[in-house]
Amino acid sequence: MRIGIGYDIHRFDGKRPLKLGGVTIPHARGLAGHSDADVLLHALADALFGALGEPDLGEQFPPSDPRWRNADSRTFIKTACAAMRRRGLAVGNVDTTVIADAPKLTGYKRRMSRAISALLGVAPGQVSVKGKTTEGLAPGKAGIAAHAVVLLTAAQGSRLKARGRSRGR
Ligand SMILES: [Zn+2]
């Protein structure tokens, strides 16, 4: 088993659509960033890379690289998932918290969890998206932050092998 933690924060930018967890959420302001600025997927990507012991998101997809300008952040998750599968690992579960005073996320949490689970190829029950405000304290007014924790387990084939070993003991 491997565990990973990820954190990210982006400022509001009035000229962009708001993307969270791969879902476009109607709001007056989106987030500033080199890519599509999906703060939740960035936190998740860093949790996955962290669990794998790989370089962080900023190192693998540097903002200085024009290739990642306005990039769909789902690409980062797909890259992390490919690395995970190469190592015979699978997502056990994901837990996340989005910290935003606006917009209200209540109506979108389930949709974000479904979008993330589809992206990871797991059941929606394996992905939790929680919402939190800052009660008006900074930086909740200026942008959105996100935390993510992932637990990776042996993929099915390698888990069977592991069970066979323990039975022989
Ligand atoms: Zn980011």
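Let's start at one pair of residues. D13 stands opposite G30 in β4. Strand β1, residues 2–13, and β4 pair in the antiparallel sense, over 2 bridges. Two terms there. Two strands pair if DSSP finds at least two bridges between them. Helices (H or I, at least four residues) and strands (E, at least two) are DSSP runs, numbered from the N terminus.

Before going on, the ground rules. This is a predicted model, where local features need pLDDT of at least 70, side-chain atom pairs count only at pLDDT 80 or more, and totals for chains, interfaces and linings use all residues. Residues are numbered from 1 along each chain as its sequence is written.

How far can we trust it? pLDDT is the predictor's confidence in each residue, from 0 to 100. The protein averages 91, and 91% of the residues score at least 70. Contact here means that the C-beta atoms of two residues, placed from the backbone, lie within 7 Å. Where pLDDT is low, the predicted coordinates should not be read in detail.

In what order do the strands lie? The order is β4-β1-β7-β5-β6. These 5 strands form an open sheet with mixed pairing. β4 and β6 are the edge strands, and each pairs on one side only.

Take β5, residues 89–99. D95 stands opposite S128.

How does the chain get from β5 to β6? The path goes through helix α4, residues 109–120, and this β-α-β crossover is right-handed. Right-handed means this: with the strands pointing away from the viewer, the path from the first strand over the helix to the second runs clockwise.

Next, the inside. A residue is buried if 20 or more other C-beta atoms lie within 10 Å of its own, exposed if 12 or fewer, and partly exposed in between, with C-beta atoms placed from the backbone. A nonpolar core is a set of buried Ala, Val, Leu, Ile, Met, Phe, Trp, Tyr and Cys residues joined through C-beta atoms within 7 Å. The largest one here has 43 residues. Those with the most contacts inside this core are V39, L40, L44, A45, L48, V98 and A146. Which element gives the largest share of this core? That is α1, with 10 residues.

So let's look at α1, residues 39–52. Of its 14 residues, 13 are buried. The expected span of a helix is 1.5 Å times one less than its number of residues. For α1 that should be 20 Å, and the end C-alpha atoms are 20 Å apart, which agrees. Just after α1, G53 takes a positive phi of about 70°.

A146, leaving aside neighbours within four places in sequence, is in contact with V39, L40 and A43, among others. V150 sits in strand β7. V150 counts as buried because it has 29 C-beta neighbours inside 10 Å. Again beyond four places in sequence, its contacts include A47, L48 and A51. V150 and F49 are 101 residues apart in sequence, yet 9.9 Å apart in space, C-alpha to C-alpha.

Most residues other than glycine have a negative phi, and most peptide bonds are trans. Now the exceptions. A cis peptide bond joins A102 and P103, with omega of about -5°. P103 lies in the loop between β5 and α4.

A37 has a positive phi near 65°. Its place is the loop between β4 and α1. N70 also has a positive phi, near 60°. N70 is in the loop between α2 and α3.

Are these two buried or exposed? A37 is buried, because 26 other C-beta atoms lie within 10 Å. N70 counts as exposed, because it has 10 C-beta neighbours inside 10 Å.

That's the tour. Thanks.
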